[in-house]
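The model is a predicted one.

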Amino acid sequence: IPEDYVADLSVRLSLYRRLAEIEDERDIDGFAAEMVDRFGPLPDEVKHLFSLVAIKSLARRANVAKIDAGPKGAVMSFRNDEFADPAQLIAFIGKRGRDAKVRPDMKVVFFDDWAKAEDRLKGTTAILRSLAAIADKAKKQAA
């Protein structure tokens, strides 16, 4: 959060702490609305930060440990090579046809044309939303 957007250091640190505790994308949207109300329109750096927080939240829900996104797609690995519903993960990958595959090292590769960083951010977020939804459903059924 830029100093020229939130000048007071203690307020800025408090906002960072609150942002780090957010678990759900809707909460991020609410936090963003609150920031706009308090400090005015969000600078691009803050919008980007919120996007990254959303990705982190989705990755946590989907048990994704690492994401490498580039101009040709993304590679994702899962914590302990585990996913909440492996059968649905395979079905999700299968629906993407030649645009996704599981490598021998258990990493999942999603092929796409993401020339711009914004495209990579949007594409990665969309994949993670799908994976998080599958994982959430499996966790609810197991409970």
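## Aromatic pairs

Tyr5 is buried, because its relative accessibility of 11% is under the 20% cut-off. There are four aromatic pairs by the rule used here. In one of them, Tyr5 and Phe39 are tilted, with 5.8 Å centre to centre and 55 degrees between the planes. Tyr5 belongs to the segment before helix H1 (9–20) and Phe39 to helix H2 (residues 25–39), so this pair ties together parts that are 34 residues apart in sequence. Phe39 has a relative accessible area of 27% and is partly exposed.

Phe31 and Phe50 form another aromatic pair, edge-to-face, at 5.7 Å centre to centre and 70 degrees between the planes. Phe31 sits in helix H2 and Phe50 in helix H3 (residues 44–62); they are 19 residues apart, and the pair links distant parts of the chain. Phe31 is buried at 4% relative accessibility, and Phe50 is buried with a relative accessible area of 6%.

Ser77 is part of strand S2, which covers residues 73–78. Six of the six residues of S2 are buried, so the strand is mostly covered. In a regular strand the side chains alternate between the two faces of the sheet. In S2, Gly73, Val75 and Ser77 point one way, while Ala74, Met76 and Phe78 point the other way.

S2 pairs with S1 in the antiparallel sense over six bridges, and the two strands form a hairpin with two residues between them. Within this pairing, Ile67 has Met76 of S2 as its bridge partner. S2 also runs antiparallel to S4, to which four bridges join it. Here Ala74 stands opposite Phe110 in S4.

Which residues does Ser77 contact, leaving aside its neighbours within four places in sequence? They are Asn63, Val64, Ala65, Lys66 and Lys107. Ser77 counts as buried, with a relative accessibility of 14%.

## Helix H5

Helix H5 (residues 117–142) is made up of 26 residues. From its first C-alpha to its last, H5 reaches 37 Å, close to the 38 Å expected at 1.5 Å a residue.

The buried residues of H5 include Leu121, Gly123, Thr124, Ile127, Leu128, Leu131 and Ala138. What covers the buried residues of H5? The covering elements include helices H2, H3 and H4 (86–95), together with strands S1 (64–70), S2 and S4 (108–111). Strand S2, described above, is therefore among the elements that cover buried residues of H5.

Terms used. Residues are numbered from 1 along each chain as its sequence is written. This is a predicted model: local features need pLDDT of at least 70, side-chain atom pairs count only at pLDDT 80 or more; totals for chains, interfaces and linings use all residues. Side-chain values use heavy atoms; hydrogens and water are left out. Buried means under 20% relative accessible area, exposed over 50%, partly exposed in between (1.4 Å probe, protein chains only). Contact means heavy atoms within 4.5 Å. Rings of Phe, Tyr and Trp (its six-membered ring) pair if their centres lie within 6.5 Å; planes under 30 degrees apart count as stacked, over 60 as edge-to-face and the rest as tilted. The expected span of a helix is 1.5 Å times one less than its number of residues. Two strands pair if DSSP finds at least two bridges between them.
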